[in-house]
Amino acid sequence: MARIAGVDIPRNKQAWVSLQYIHGIGPSLSQRILAQADINPSTRVESLTEEEVNRLREVIDREYRVEGE
């Protein structure tokens with residue numbers, strides 16, 4: 001599982017769905033985050049490279065207030 005913002009997001013779901021498991025991220029915000037990180041929303045989390053996961057972490061940590069903050 002990829003761990004983002006202190007949450008293990010599901011690996012077998014598309015990225016835009018998995019990001020919604022983080023408290024504070026809904027469907028539209030999930031799409032916006034993926035666009036900022038330059039990641040295709042329909043990509044499954046298990047197919048993301050380590051660099052893509054790191055870009056997601058950076059965008060979320062830098063731009064948004066989510067779970068645990």
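This is a predicted model: local features need pLDDT of at least 70, side-chain atom pairs count only at pLDDT 80 or more; totals for chains, interfaces and linings use all residues.
Confidence is lowest in strand S1, at a mean of 85, and highest in helix H2, at 95. Residues are numbered from 1 along each chain as its sequence is written, and side-chain values use heavy atoms, leaving out hydrogens and water. In this model, local features need pLDDT of at least 70 and side-chain atom pairs count only at pLDDT 80 or more, whereas totals for chains, interfaces and linings use all residues.

Helices (H or I, at least four residues) and strands (E, at least two) are DSSP runs, numbered from the N terminus. H2 spans residues 27-36, and Leu29, Ser30, Ile33 and Leu34 are buried there (under 20% relative accessible area, with exposed over 50% and partly exposed in between; 1.4 Å probe, protein chains only). Seen down the axis of H2, these buried residues fall within an arc of 135 degrees, so they line one face of the helix; the arc is that of the directions from the helix axis to the C-beta atoms. The face turned away from the buried side carries exposed Ser28 and Ala35. The buried residues of H2 pack against helices H1 (15-18) and H3 (50-63), contact meaning heavy atoms within 4.5 Å.

Ile33 also belongs to the largest nonpolar core, where Leu19, Ile22, Ile33 and Leu56 touch the most other members of the 21 residues. Such a core is a set of buried Ala, Val, Leu, Ile, Met, Phe, Trp, Tyr and Cys residues joined through side-chain atoms within 4.5 Å. H3 gives this core its largest share, four residues.

Terms used
pLDDT is the predictor's confidence in each residue, from 0 to 100.
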